[in-house]
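Dear colleague,

Please find the structure below, followed by a short account of what was found in it.

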Amino acid sequence: MRFELFAPRNTWKEAIETAVFAEEAGFDAFAYPEIAHDPFIPLAMASTRTSRISLRTAIAVAFARSPMNTANLAWDLHAESNGRFVLGLGTQVQAHVEKRFSGTWTKPRSQLREYVQAIRAIHRAWEKKEKLRFVGEHYRFTLMTPEFSPTPTGRAPVPIYTAAVRPGMIELAGEVA
């Protein structure tokens, strides 16, 4: 059984202190949500003060960012934390995606499937020096030049979790996460 400490909405300093506490208390992971704050920065900071626990977004709002931006954030956090980062993604709800983030909401289930697949394709291109070729209904990634490719890490791929509220999304989580 894994034990994970979920951070409340707080300052970066408090988030780091909570992550350190979680590690010292024997938790397996520290999770930070995207509610009032971006989750990636506190996790990056926590990675410099912890050495064992997993660090996870719980969740990051997928449709607020391009899969390329998320792939880059996840790659760097995974590399810099020595493979301890876990990417948790969710769709949020239509009103927030469209009105708060000015994003596109079409078919959230197939869009999230492609989002995860695109991140994995981007990471493979970086790790294995493959040509980037991902073309789907919602996303298209076909350009990756060497100067924009990070150095391969030799690590296992970044684990990806997806939020799952309704039956269709639960099925999707089982399929791609």
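**The nonpolar core**

The largest nonpolar core of this predicted model comprises 42 residues, and Phe 30, Phe 63, Phe 85, Leu 87, Leu 89, Leu 112 and Tyr 115 have the most contacts inside it. Such a core is a set of buried Ala, Val, Leu, Ile, Met, Phe, Trp, Tyr and Cys residues joined through side-chain atoms within 4.5 Å; buried means under 20% relative accessible area with a 1.4 Å probe, protein chains only. At least two core residues come from each of α1 (12–24), β2 (29–32), α2 (40–47), α3 (67–80), β5 (85–90), α5 (108–128) and α6 (167–176). The most, nine residues, come from α5. Leaving aside residues up to four places away in sequence, Leu 87 touches Phe 40, Thr 57, Thr 70, Ala 74, Ile 119, Val 158, Pro 159, Ile 160 and Tyr 161 (contact: heavy atoms within 4.5 Å).

**The whole chain**

The protein has six helices and eight strands (DSSP runs: H or I, at least four residues; E, at least two; numbered from the N terminus). Buried residues make up 44% of its 177 residues. Of the contacts with a separation of 6 or more, 72% are between residues 24 or more positions apart. The C-alpha atoms fill a box of roughly 45 × 40 × 30 Å along the principal axes.

**Conventions**

Residues are numbered from 1 along each chain as its sequence is written, and side-chain values use heavy atoms, without hydrogens and water. As the model is predicted, local features need pLDDT of at least 70 and side-chain atom pairs count only at pLDDT 80 or more, whereas totals for chains, interfaces and linings use all residues.

With kind regards

Notes:
Buried means under 20% relative accessible area, exposed over 50%, partly exposed in between (1.4 Å probe, protein chains only).
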